[in-house]
Amino acid sequence: ERRAAYLQVFLDSLEQVHAPDTRIALWQVEVHAKDELQLTGMLGSPEAHAAIGAYLEQQGWAHNNELDLLTGSEGQRINALVNNSVMHLRREASSKSEMVSQALLGSPVNVLKEKDGKYLVQVADGYLGWVNTAEVHLLGASELERYQSAGKLVYAEQSGFSYSTASKNSLPVSDLVRGNILVVEGQEGAFYKVAYPDGREAYVDSSEILGAGEVFFHPATGEDLVQTALPYHGIPYLWGGASSKMLDCSGLVSNVFFMNGMQMPRDADMQSKVGRVVSTQWDTTGLVAGDLLFFGRKASAARSEAVTHVAIYMGDADFIHAAGYLERVSINSMDSTQAHFIEAYPEIFLRATRVVGEEDITPLLIFENAFYRAIIDNSPW
């Protein structure tokens with residue numbers, strides 16, 4: 001069907017403009033050629049949706065446009081909060097589908113669609129995925145306003161629990177992981193009384209938490225990044241993992257930067273595009289602690305570059321990373337004289353970048369993130 005072919009070419013060109021990366025831009029558009037053209041699926045760009053409608057009218061083709069434009073609640077950048085310590089994002093609306101990422105308790109979410117007991121959501125790093133409906137708490141405008149102005153705490157230990165009373169001998173309310181956000185309601189002895197997005201109340205050891213302002217407005221240094229990363233040593237590797245329970249290479253970087261006031265992109269190839277390139281050849285000269293090292297396939301005449309791994313540089317040729325083949329977060333070296341040297345890594349080194357201290361990192365700051373701005377009070381606390 002020639003009309004369908006012409007329409008597909010037009011749609012492909014629109015996708016390149018409005019959804020070049022479907023990990024973070026919603027674009028699931030299908031064309032069916034019957035007696036009339038039929039479009040089904042969903043997309044997240046109002047401009048693209050309008051352009052498709054205008055194109056079809058201009059061509060004068062008989063058609064049935066059933067495309068859903070999904071942008072979330074009108075007038076709200078976010079409309080829900082994560083309600084579990086760790087929430088799994090899956091590629092499809094099925095618990096059997098691949099886990100593509102995770103999001104943490106109390107973090108802001110934009111719910112786009114409900115299907116078969118699942119929500120299609122977008123999280124603060126832009127990632128899209130399907131989650132169980134019970135894993136998020138929906139927010140109306142007034143509740144969002146109250147959450148924004150409420151005092152918040154961030155859990156700082158690698159893992160732990162909240163409790164039903166101000167005692168670690170009491171029944172746990174839930175587990176907690178680093179980066180979980182809770183509303184503070186008061187203090188009782190050595191514990192803070194906290195509230196979950198769905199209203200559950202609990203108590204958390206005050207020595208295990210930070211005020212949210214200490215995280216959201218933290219002026220980080222490269223050495224801060226290294227010190228934040230060290231407690232992850234030995235944490236198991238999990239493809240798609242982005243929590244201190246289990247994580248992948250870019251999940252480690254995202255966790256470490258979040259606890260230092262920055263919301264990094266989710267995947268290694270995305271992370272390689274922020275910050276300033278320090279070196280494209282392996283050499284410790286000019287590198288400082290906290291720089292990011294990227295590995296993968298170098299570009300050639302036949303193939304484009306493929307960034308497949310990221311690590312945090314520690315100094316003296318050492319780096320900390322979550323490597324799938326090692327199955328855990330490990331410290332390794334680029335120095336062939338060291339016992340923890342990995343032979344393959346110098347050959348696949350692509351570049352080193354520096355984020356902390358650079359002038360163009362403002363979009364990465366948590367308090368500048370469009371999602372987090374919706375839950376952060378205007379005055380730092």
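Q: Let's begin with Ala-220. Where does Ala-220 lie?
A: This is a predicted model, so treat every value as computed. Ala-220 lies in the loop between α4 (212-216) and α5.

Q: Does Ala-220 count as buried or exposed?
A: Buried means under 20% relative accessible area. Ala-220 has 19% relative accessibility, so it counts as buried.

Q: Which residues does Ala-220 touch, beyond those up to four places away in sequence?
A: Ala-220 touches Asn-260, Met-262 and Val-356. Ala-220 and Gly-357 are 137 residues apart in sequence, and their C-alpha atoms are 8.2 Å apart.

Q: What about Val-329 and Asp-360: how far apart are they in sequence and in space?
A: They are 31 residues apart in sequence and 29 Å apart in space, C-alpha to C-alpha.

Q: Where is Val-329, and is it buried or exposed?
A: Val-329 belongs to strand β23 (residues 328-333). Its relative accessible area is 1%, so it is buried. Leaving aside neighbours within four places in sequence, its contacts include Tyr-232, Ile-235, Leu-252 and Ile-320.

Q: Why look for groups of buried residues?
A: In soluble globular proteins, nonpolar side chains tend to be buried together. Here, the largest nonpolar core has 32 residues. Among those with the most contacts inside this core are Phe-257, Met-262, Met-264 and Val-329.

Q: Which elements each supply at least two residues of this core?
A: Two helices do, α5 (222-229) and α6 (249-258). So do the strands β20 (292-297), β21 (306-315) and β22 (318-323). The largest share, five residues, comes from α6.

Q: Which residues does Met-264 touch, not counting those up to four places away in sequence?
A: Its contacts include Val-253, Ser-254 and Phe-257. Others among them are Asp-125, Leu-292 and Val-355.

Q: How many residues of α6 are buried?
A: Ten of its ten residues are buried, so α6 is largely enclosed by the rest of the structure. Among them are Cys-249, Ser-250, Asn-255 and Phe-258.

Q: How do I read the packing of two helices?
A: Check the angle and the distance between the axes. Helix α1 (residues 2-18) packs against helix α2 (residues 46-59) at about 160°, with the axes 11 Å apart. An angle over 145 degrees counts as roughly antiparallel. So α1 is roughly antiparallel to α2. Their crossing is right-handed.

Q: Which residues of α1 and α2 meet?
A: From α1 come Tyr-6, Leu-7, Phe-10, Leu-11, Leu-14 and His-18. From α2 come Glu-47, Ala-48, Ala-51, Ile-52, Tyr-55 and Leu-56. By type, this contact has ten nonpolar residues, one polar and one charged.

Q: Now a backbone angle. What is the phi of Asp-316?
A: Its phi is positive, about 55°, although Asp-316 is not a glycine. Ala-317 also has a positive phi, near 70°, and is likewise a residue other than glycine.

Q: Where are Asp-316 and Ala-317 found?
A: Asp-316 is in the loop between β21 and β22. Ala-317 is in the loop between β21 and β22 as well.

Q: Is each of them buried or exposed?
A: Asp-316 has 75% relative accessibility, so it counts as exposed. Ala-317 has a relative accessible area of 6%, so it is buried.

Key:
Residues are numbered from 1 along each chain as its sequence is written. This is a predicted model: local features need pLDDT of at least 70, side-chain atom pairs count only at pLDDT 80 or more; totals for chains, interfaces and linings use all residues. Side-chain values use heavy atoms; hydrogens and water are left out. A nonpolar core is a set of buried Ala, Val, Leu, Ile, Met, Phe, Trp, Tyr and Cys residues joined through side-chain atoms within 4.5 Å. Buried means under 20% relative accessible area, exposed over 50%, partly exposed in between (1.4 Å probe, protein chains only). Helices (H or I, at least four residues) and strands (E, at least two) are DSSP runs, numbered from the N terminus. Contact means heavy atoms within 4.5 Å. Axes are lines fitted to C-alpha atoms, for helices over the stretch in contact, and angles run from 0 to 180 degrees between N-to-C directions. Angles under 35 degrees count as roughly parallel, over 145 as roughly antiparallel, 65 to 115 as roughly perpendicular and the rest as oblique. A crossing is left-handed if the near helix is turned anticlockwise from the far one by less than a right angle, and right-handed if clockwise. Ala, Val, Leu, Ile, Met, Phe, Trp, Tyr, Cys and Pro count as nonpolar, Asp, Glu, Lys and Arg as charged, and the others, Gly among them, as polar.
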